[in-house]
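Please examine the sequence and the structure shown below.

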Amino acid sequence: MPVNADNLVILHYPERALRTPAKPIKEITDETRIIVERMIELMDEAEGIGLAAPQVGLSISLFIVDVPSGDKNSPDSDPPSATSDVMVFINPKILAFENAPEPYEEGCLSLPEIRGDVLRPPIVTMQATGLDGKPFTLRAGGLLARCLQHEFDHLQGILILDKMTQMSRMKNRTAVRDLENSK
Ligand code: NI
């Protein structure tokens, strides 16, 4: 069934689609491009730095990231810790992690009012296909590495709720319950 991209919205936990593992994309079509366009619009409206297809109810292996440069983040560092534009990752795979996991506070557009510390390796190498159909490999650090791993998790149906430190779980207990009860 064709997707009407205009109707896509960012879904909130505990929406089922957020827990459904994404399926590989076999062919990049006009529909894929229209979906990506709409996802960029939604991410920008929400002032997010990443958005995965399951967050708009689509169980397909695709996410976008747009990590702005800042005090600590740059697309020109080695490895890059920001992007210079929106990047599209189709059927991504993680090739390598480097260094011991570090905690950092994360939020998620599907989990309003929730922020928690998540441990992740600081450097990740990911392989994916771009919207142009060309495969690419990216070794990323800093906020970009974190964002890539967060979005990759979405494709497996994994949320920061599953990975937060015990302390953060406690801190967000009421907010999580409120979301669960708002359904
Ligand atoms: Ni998220």
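Helices (H or I, at least four residues) and strands (E, at least two) are DSSP runs, numbered from the N terminus. This is a predicted model, in which local features need pLDDT of at least 70 and side-chain atom pairs count only at pLDDT 80 or more, while totals for chains, interfaces and linings use all residues. Residues are numbered from 1 along each chain as its sequence is written, and side-chain values use heavy atoms, with hydrogens and water left out.

**Helix 2**

- Helix 2 covers residues 142–155; its 14 residues should span 20 Å at 1.5 Å a residue, where the expected span is 1.5 Å times one less than the number of residues. The C-alpha atoms at its ends are 21 Å apart, which agrees.
- Gly-157, which follows helix 2, has a positive phi, near 80°.

**The nickel site**

- Three residues coordinate the nickel ion at 2.1 to 2.2 Å: Cys-108 through SG, and His-150 and His-154 each through NE2. Donors are N, O and S atoms within 2.8 Å of the metal (3.2 Å for Na, K and Ca); water is not among the atoms, so sites may look incomplete.
- The spacing of these donor residues in sequence is C-x41-H-x3-H.
- Cys-108 lies in the loop between strand 4 (102–106) and strand 5 (116–120), and His-154 lies in helix 2, so the pair ties together parts that are 46 residues apart in sequence.
- An α-helix has 3.6 residues a turn, so residues three or four places apart point the same way.
- Cys-108 is buried at 12% relative accessible area, and His-154 is buried at 1%.

**Cysteines**

- The whole structure contains zero disulfides, a disulfide being a pair of cysteine sulfur atoms within 2.5 Å.
- For Cys-147, the nearest cysteine sulfur is that of Cys-108, 10 Å away.
- Cys-147 is buried, with a relative accessibility of 5%.

**The largest pocket**

- The largest pocket has a volume of about 420 Å³.
- Its lining consists of 22 residues, and those nearest its centre are Ile-49, Glu-106, Gly-107, Cys-108 and Arg-115.
- Strand 4 and helix 2 are the elements that give two or more residues to this lining. Helix 2 provides the largest share, six residues.

Methods: Buried < 20%, exposed > 50% of the residue type's maximum accessible area, 1.4 Å probe, protein only. 1 Å grid on protein atoms, 1.4 Å probe; cavity = no way out; pocket = protein on both sides within 12 Å on 5 of 7 lines; lining within 4 Å. Points joined across faces, edges and corners; volume = space filled by probe spheres on them.
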